[in-house]
Amino acid sequence: MSEKTTPSNSGDSRRSILTWFSAAALAGSAAISALANFIFMKPRATYGQPSRYSIGRPDDFPSGTRVSIDQRRVCVVREGPKLAVISTICTHLGCTVGVSDTGFACPCHGSRYDQDGNVVGGPAPKSLTWYQVSLAPNGELEVDTNAPVDQGTYYTI
Amino acid sequence: MKLALAIASAIILLVHGLVFYDQFFHKWERHQNAYFDQARTQARNDAERKELANREPKIEQIIVTQFGENRVDRCTTCHLAIDDPRFKDHFEPLKTHPYSAALGDYQRNGRWERRHKFTDFGCTVCHDGQGRGLETDYAHGNDEHWNDPLTGYVTQANWRKDFTPHLKGKEYMEANCAQCHTEDNFAGTPHVNRGRQLFFGSNCYGCHKIEGLSEGTLAPELSEAGHKFKVDYLWESIVEPRANLATSFMPKFNLSDDDVKSLVIFLKSRRGVNYAETSLARYRTRLTPAKEITPESMTGKTASQLADAVARGKQLFEDRACAACHKLGDTDGGIAPDLTLEGRMKDHDWLREHFRTPRSRVPDSIMPAFRFSDADFDALTAYLSSRQETPKIPADGAEMFKMLCSRCHGEKGDGLGPNAIYLDPAPRDLTKASFMNNKPEERFTLAIKEGVAGTSMPSWGKVLSDDQIKTVYQFVQTGLVKSPRRPLKEHANVPVSNPTPYSADSVARGEAIYLKRCTGCHGLKADGKGPNSLDIVPRPRNLRNQWFIGALGDYRAMASILYGIQGTAMPSWIDYGLTVKDASDLLNYIRSLNPAPKAVGNKTVAQLAPGVH
């Protein structure tokens with residue numbers, strides 16, 4: 001019997017190592033699979049126009065420009081070397097606001113904003129958003145609508 | 001047991017790990033990080049550096065809404081530097097898209113400006129490929145199931161090896177330029193322009209329809225060829241028409257490789273849509289009728305004008321690839337009749353009218369009606385009429401048959417010559433004794449001499465002497481029929497001419513009998529294409545072939561109805577209860593289907609082809 005106990009002892013320990021190893025491997029697989037699910041919390045790509053886009057060269061916007069780009073729903077404002085891009089999405093119910101002499105005016109419910117996008121009348125609860133502007137390597141201005149900036153933050157050309 | 005479990009778990013862990021790695025650590029992230037690193041070293045100020053430091057790899061996409069269906073192009077996820085001029089000497093994928101004056105890019109203040117901005121056009125509008133793909137193989141369309149691989153750059157693995165070298169090159173992208181630049185002579189698309197010229201020049205348009213360009217009905221429509229077929233298929237179909245469809249009778253055009261390439265690019269540009277066109281504009285172009293060709297008259301020709309016309313006709317004959325179907329001299333397309341002696345056997349009016357509308361002279365001809373100008377028709381007619389050569393006719397009947405008849409009737413005379421399947425009515429099987437021995441000999445010699453109106457059998461009398469005709473007929477009768485003639489049965493009760501006068505009553509009675517007895521084979525339209533016709537050889541006669549019916553004598557018609565035609569499926573109707581009166585009503589009905597024999601020149605139809613009475 002003693003002949004058998006020795007191998008059976010070593011067999012036991014080998015077995016338990018293998019058991020632990022298997023358990024660890026399976027737990028690892030399960031953990032990876034579980035973790036992998038978290039990737040789906042956030043979409044990898046969204047449909048709709050990209051948030052970073054080019055609006056053209058600085059030369060396209062001479063000083064004194066206040067021009068609305070309707071497809072992108074932004075307004076480009078330039079004063080001398082200072083340039084800013086202001087959203088034209090009304091903060092009330094999302095209509096596209098029009099550019100007027102005094103600032104912005106919403107055609108839907110009559111919200112009014114001043115030239116910097118501050119609310120001066122109507123139901124709008126917040127001022128219009130300003131977006132970050134940067135110069136892309138190809139010499140065109142790039143707007144990032146995912147990066148709102150404080151009012152009065154100008155890009156200097 | 002435990003060991004096996006441990007190994008299995010290890011494998012599971014490994015597989016999970018690999019899948020996890022493959023799914024969440026992408027190649028494009030490495031490309032983007034490399035771009036950020038390199039851009040940072042080249043940044044000019046801190047703001048730029050800071051901005052780059054804030055950027056993280058993400059799927060970049062351009063959503064293109066202006067060209068056809070909305071496109072999602074994610075190519076810039078790897079090719080992040082296409083619009084960054086600092087990367088012009090890098091390797092792909094981080095390389096600047098080249099600027100090219102040919103694409104309309106221009107320089108302003110020393111900087112290149114793009115004519116086609118990527119934010120508006122995306123990538124796949126010009127390059128094809130799979131815009132949404134994020135892995136190289138899929139994005140570039142290497143996969144054989146993707147219809148539009150990167151044009152001019154990617155050839156798929158299952159394409160024929162002998163064609164693939166021809167299918168690379170950026171000129172293939174012209175097909176995509178032509179989606180918007182549809183002008184006939186747009187300078188940026190020389191291959192498309194050349195292909196369009198070839199499409200008309202080689203007479204492709206005669207058989208193939210392309211909406212807005214041509215109206216052919218013989219061959220498959222190509223309006224959306226660029227959408228349906230890959231370039232390798234297009235190339236193969238032009239070079240070897242029978243490679244995909246063994247029964248195709250499209251001729252081999254023997255074009256040079258450059259010409260084939262131009263045609264492929266032109267066809268690839270046919271997608272049935274024009275991206276630059278709104279749906280309203282497209283609707284309007286459909287409403288406007290096709291351009292009419294203004295007739296030019298060639299009356300009162302002088303000798304030198306005639307010589308010009310002949311030279312021009314010869315040129316046209318070669319340029320328009322007539323010999324792709326027809327035979328002339330040594331070139332043989334193997335589809336359509338031999339034109340070597342056509343000038344001698346057909347008169348000027350026949351040729352000209354037949355050119356303008358082939359079916360006006362041979363009603364079941366498959367020859368397309370080409371849209372040449374009247375002057376060109378005149379020139380072609382003048383050219384064929386000018387060819388009045390006298391062939392060397394062998395004295396021996398067998399040799400004569402081989403030289404003149406075997407192209408249609410077959411070397412064995414069985415009516416299965418090389419081009420027989422394209423002729424309708426088909427050439428007669430001259431070996432069938434039951435037919436050959438039951439018709440008077442004069443009928444055959446006359447058919448040879450005068451031709452058979454409304455068919456492809458020409459009037460050999462213009463080339464052969466009566467003795468020669470007799471010789472070749474003797475050869476047919478003794479060498480091909482192989483069973484001796486017996487005396488013909490006389491049908492005494494068949495009147496020599498139609499005893500019932502032509503009247504509405506008689507036609508109505510004839511129609512009733514026709515609908516009851518004849519439509520199974522001759523068809524409801526009397527065009528010889530009834531439901532049984534496909535099982536019958538020779539095919540039932542087209543009873544609306546006005547030239548044939550016009551030349552058909554009353555006696556022969558009524559004898560055929562009453563006593564059948566031996567050697568064909570036409571039964572002897574007198575055995576099924578039809579009387580002479582019924583047959584004469586039927587004949588009146590058949591005559592009523594055809595316009596009264598018209599005068600051509602100053603001859604009537606019957607005078608033109610009296611041989612088959």
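Biologist: How many residues of chain A are in contact with residues of chain B?

Modeller: Two residues are in contact if their C-beta atoms, placed from the backbone, lie within 7 Å. Here 23 residues of chain A are in contact with 23 residues of chain B. This is a predicted model: local features need pLDDT of at least 70, side-chain atom pairs count only at pLDDT 80 or more, and totals for chains, interfaces and linings use all residues. Residues are numbered from 1 along each chain as its sequence is written, and chains are lettered from A and ligands numbered from 1 in the order in which they are written.

Biologist: Which element gives the most to the side of chain A that touches chain B?

Modeller: Helices (H or I, at least four residues) and strands (E, at least two) are DSSP runs, numbered from the N terminus. On that side, α1(A) gives the most, with 12 residues. Both α1 (2-38) and β1 (52-56) of chain A supply at least two residues each.

Biologist: How many helices and strands are there in chain A?

Modeller: Chain A has 1 helix and 11 strands.

Biologist: Where do the domains of chain A lie?

Modeller: Domain bounds come from an automatic or database domain assignment. Chain A is divided into domain 1 (2-41) and domain 2 (52-156). Taken over C-alpha atoms, the centres of these two domains are separated by 60 Å.

Biologist: What radius of gyration does chain A have?

Modeller: The radius of gyration is taken over C-alpha atoms, and the globule rule is 2.2 Å times the number of residues to the power 0.38. For a compact globule of 157 residues the value would be near 15 Å, but chain A has 30 Å. Its C-alpha atoms fill a box of roughly 105 × 40 × 25 Å along the principal axes.

Biologist: Which residues have the most contacts inside the largest nonpolar core?

Modeller: A nonpolar core is a set of buried Ala, Val, Leu, Ile, Met, Phe, Trp, Tyr and Cys residues joined through C-beta atoms within 7 Å. A residue is buried if 20 or more other C-beta atoms lie within 10 Å of its own, exposed if 12 or fewer, and partly exposed in between, with C-beta atoms placed from the backbone. The largest core has 41 residues, and I561(B) and L586(B) have the most contacts inside it. At least three of its residues come from each of domain 4 (397-481) and domain 5 (504-612) of chain B.
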